[in-house]
Amino acid sequence: MIARVLHRLGLDGRTAVIAVPYLWLLMFFLVPFVIVLKISFSDAQISMPPYQPLLHWVSEKALQIQLNFGNFAFLVEDNLYWKAYLNSIWVAGVSTLLCLLIGYPMAYAIARSQSSTRNVLLLLVILPFWTSFLLRVYAWIGILKNNGLINNTLMALGVIDQPIQMLQTDFAVYVGIVYSYLPFMILPLYANLEKLDLTLLEAAADLGCRPWKSFLKVTLPLSLPGIIAGCLLVFIPAVGEFVIPALLGDPGMLMIGKVLWTEFFNNRDWPVASAVAIALLLFLVIPIMFFQRAQDAEAGGGSHR
Amino acid sequence: MATSPRDPQLKFEPWTDPDAQPYVRIDRVTKKFGDFIAVDDVSLGIYKKEIFCLLGASGCGKTTLLRMLAGFERPTAGRIYIDGVDMTDIPPYERPVNMMFQSYALFPHMTVEQNVAFGLKQDKLAKAEIAKRVTEMLELVKLGQFAKRKPHQLSGGQRQRVALARALVKKPKLLLLDEPLAALDKKLREHTQFELINIQETLGVTFIVVTHDQEEAMTLSSRIGLMNHGEIVQVGTPTEIYEYPNSRFVSEFIGSVNIFEGRLIEDEPSYVRIESDDLDRPIFVDHGVSSAPGATVWAAIRPEKMLMSREKPAGDDNWTPATVRDIAYMGDLSIYLLRLASGKVVRVTQPNVYRHADERITWDEQVYLHWDPSSPVVVTK
């Protein structure tokens, strides 16, 4: 029945199956993106919704489009935005590096562990997802605050007499981001390292490579796709992160996610907020696209085996 | 080329020279994995420039023995010496030994050239020297034009040659080859066998080859060590292993064989007679056997050494009537399956010397099977 209907529409089953995810992406990614893009080119005004339409009729027969580039110009003129962008990229970059330094050995250890314990270890990595992300960040407040777990323990042990200010510092933000995004680093790395052919390491040893050098010459370069996937999965959401700096960080800390929130909810300046979002997207997407192109070029002729 | 093991004029048989020292000495090596004994008290001496084949079914311990020579496994007991140096506790990266892996284990992220140069770079050789040796080696395996390719852009045979080049370029004292030809198709395998022998003769490196393929072992090796359940059951040249097997296992593992169980009824230093329930007449063997009279022995006769005739053979021994049950025509030869009066089926091969089939023995024919007194091999286990 369904097949016949599809056929009448000029679709075969294969096209229909592929069409579903494309429709989904169109509806929930492309359309909202276009809306945001549209808003970023409009003028703010006090109304519902709080911006002027792009298109309006000047007479019966003329439709006028009015693009306002002022929002983007504003982003460049006001160095608040620049600073926020740079700070966000810095924080995300440092967090990604920390995630890599912590996650790589963990993924490596899991991939090399016995298959019986491997599943348990993987489960432990995924386990935090059972609890809401927000709750877990709140839990860190309890751990880091002045009369929180760490400070109380250290004071009870007599290591310190004054609580160490940890909450509302950059340190807390890094702790929160690294903690929250670590699984996204471990899982792709594990998937990659687990596939590594161990006879390659034997071959390296056979050819005179000490274990540490075998790691640098064989394991590390072969795990590069896993490293890149993990880093992107951590870096991209970390750049736009809002919740963690808002809850754990210094209120004065400039992060682009927070700037966006302020523009949108406090200033009710949707056009500028949209321009911030679009600029952020370009900041992230363009380097990634270049990177992908470079990778495809290097694979040269496809990596079919 | 002077000491070529293939050259019948200049015999290469260091194992027959009592003064020759083995180049590789495996001294009472045992390897256990938990309760499982993979290699059981093996002692072997392998001489310089040999191609020594470790032959056996899968799980017989041949690969474990090879991995101990490479240094990937440590023996539970026993020592391994290469060129007089105790290697038992030396890690793989410090051994003057290279291995060609069954899967080839080429580094997928490196070009052919980089793969071959890898070992030399570890030795911190000068760049020019590395480049020179890599080029030479790639020429030797005829891969010069593929130097810039990645392994996934090569065919199976080409990858095999890269693996060989990578293992040989360091001029190891000993090259270990784990099923070197297993991944190649039949035609390529035969061709590569001879190429491998040529390369070995050119470079004069000692080869130890692990294989489960008896044909490969026969064509490649100077000597074969046949393994079963972690033990070496016989060591010898291909001819010795084929013509003088020391047990039923060896005779049956290499080639096909007809085995007759029987008792010694005459036991003289220069000849024996064996009576078998499968045969009407005794088997007469023209050499002595070290076994007690009346003991159970087995006479093994190769299919190509059994002859068929329509006339009754002269003499009282070494023949039996039989009926042709089946014939398999293989082109160069035909395999006959004949049934004896006892019901035992015997395998006979006959070369097809003539093209016309008129005179050939055919299905259901009654024939006489006979053999030369020198043909049976008498084994006592």
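Chain B has eight helices and 20 strands; helices here are DSSP runs of H or I with at least four residues, strands are E runs of at least two, and both are numbered from the N terminus. This is a predicted model, so local features need pLDDT of at least 70 and side-chain atom pairs count only at pLDDT 80 or more, while totals for chains, interfaces and linings use all residues. Residues are numbered from 1 along each chain as its sequence is written, and chains are lettered from A and ligands numbered from 1 in the order in which they are written.

Staying with chain B, its C-alpha trace spans about 75 × 50 × 45 Å along the principal axes. Of its 381 residues, 38% are buried, where buried is 20 or more other C-beta atoms within 10 Å of the residue's own, exposed is 12 or fewer, partly exposed is in between, and C-beta atoms are placed from the backbone. Among contacts in chain B with a separation of 6 or more, 63% join residues 24 or more positions apart. Two residues are in contact if their C-beta atoms, placed from the backbone, lie within 7 Å.

Now the cores. A nonpolar core is a set of buried Ala, Val, Leu, Ile, Met, Phe, Trp, Tyr and Cys residues joined through C-beta atoms within 7 Å. The largest has 75 residues, and those touching the most other members are B:Cys53, B:Leu69, B:Val116, B:Ala165, B:Leu176 and B:Ile208. Helix H4 of chain B, residues 156-168, gives the most to this core, six residues. Setting aside neighbours within four places in sequence, the contacts of B:Cys53 include B:Val209, B:Ala217, B:Leu220 and B:Ile224. A second, separate core of 49 residues includes A:Ile39, A:Val91, A:Met255 and A:Val272.

In chain A, helix H4 (residues 79-112) packs against helix H8 (residues 170-195) at an angle of about 45 degrees, with the axes 7 Å apart. Axes are lines fitted to C-alpha atoms, for helices over the stretch in contact, and angles run from 0 to 180 degrees between N-to-C directions. H4(A) and H8(A) are therefore oblique to each other: under 35 degrees is roughly parallel, over 145 roughly antiparallel, 65 to 115 roughly perpendicular, and the rest oblique.

Last, the interface. How many residues does each chain put into the contact? Chain A gives 18 residues and chain B gives 18 residues. On the chain B side, strand E6 (97-100) and helix H2 (112-122) each supply at least two residues. H2(B) has the largest share, three residues.
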